[in-house]
Amino acid sequence: MTNRPLLSVDGVTVDFDGFKALNSFSFILNSGETRVVIGPNGAGKSTLCDTIIGRVRPAEGHIYFEDVEITKMAEQDIVRQGICRKFQAPGVLPELTVSQNLELAAQRQYQWWKSLRQGVSAETRTIVEDMLERIELTHRKNEPAGLLSHGEKQWLEIGMVISTGAKLLLLDEPTAGMGPAETRRTAELIKSLGDSQTVLVIDHDMSFVEQLNASVTVMHQGKFLFQGDIEAVRQDENVAAVYLGK
Ligand code: ADP
Ligand code: MG
């Protein structure tokens, strides 16, 4: 870990018709770290991701990525800076094969018809073969992605997000709908990134959070509540009050 801020969220407020989904929220992500964000339902976790990626505009505050202000950039320009987001529901292209989905991501080519016409470079092929192994879908690589189980689709999409090579990966509830075994493998996959990519994970499955062994930020009512390792989070009285008072 280099301890250089990759992302700075500085005093961000998001106002939905008078309701503050984020309320002067600030935090910093260092380059190479994996950070988990937890908090009760409605705490503003997904809104935080939406705001970082430029889908929701803050009323106040600033967001910097590698010292470049991205607060007012268009979503596609933010993606081009090197941020990639996975949504709660799987977003694979069901008609394309598992391999083709990964090829599109690895080529960062979302106009898939163009990409399919241009063919796949040797470099992309290597990235895709490697990711197929890591997500254990090599044996299904030529099947349409639509035939995968829910958990496998989630997994494929995490593989796609990683394969983009983006510097910052935003994973909003990556284990939603997964069983314990798949959840464990997802934690292993994220841990295998080491410090090569910075990851912001939103999840409320505490066993998954524990397996990730990462620093945890707790949000409540759009505000920063606490940060520390999982043990410190467990022992903090304010965090306990928020969860018990849910
Ligand atoms: P979390 O992901 O932590 O469960 P969200 O960020 O999805 O929470 O939502 C935070 C709060 O903002 C919730 O009360 C939600 O109802 C509200 N909210 C989210 N998006 C919108 C929107 N587009 N318009 C109005 N309210 C919204
Ligand atoms: Mg959410």
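Residues are numbered from 1 along each chain as its sequence is written, while chains are lettered from A and ligands numbered from 1 in the order in which they are written. Because the model is predicted, local features need pLDDT of at least 70 and side-chain atom pairs count only at pLDDT 80 or more, whereas totals for chains, interfaces and linings use all residues.

**Exercise 1.** Find which element gives the most to the shell around ligand 1.

Solution. Begin with the residues around ligand 1, among them Phe 16, Gly 44 and Lys 45, where a residue is near a molecule if its C-beta atom, placed from the backbone, lies within 6 Å of it. Two or more residues come from each of β2 (19-30) and α1 (45-52), helices being DSSP runs of H or I with at least four residues and strands runs of E with at least two, numbered from the N terminus. The element that gives the most is α1, with three residues.

**Exercise 2.** Work out which strands stand at the edges of the open sheet.

Solution. Four strands are arranged in the order β2-β1-β4-β5 with antiparallel pairing, and strands pair if DSSP finds at least two bridges between them. Since β2 and β5 (68-69) each have a single partner strand, they stand at the edges, and one side of each is left without a neighbour in the sheet.

**Exercise 3.** Describe how β4 (residues 60-65) and β5 pair.

Solution. The two strands pair in the antiparallel sense over two bridges, and Tyr 64 stands opposite Glu 69 in β5.
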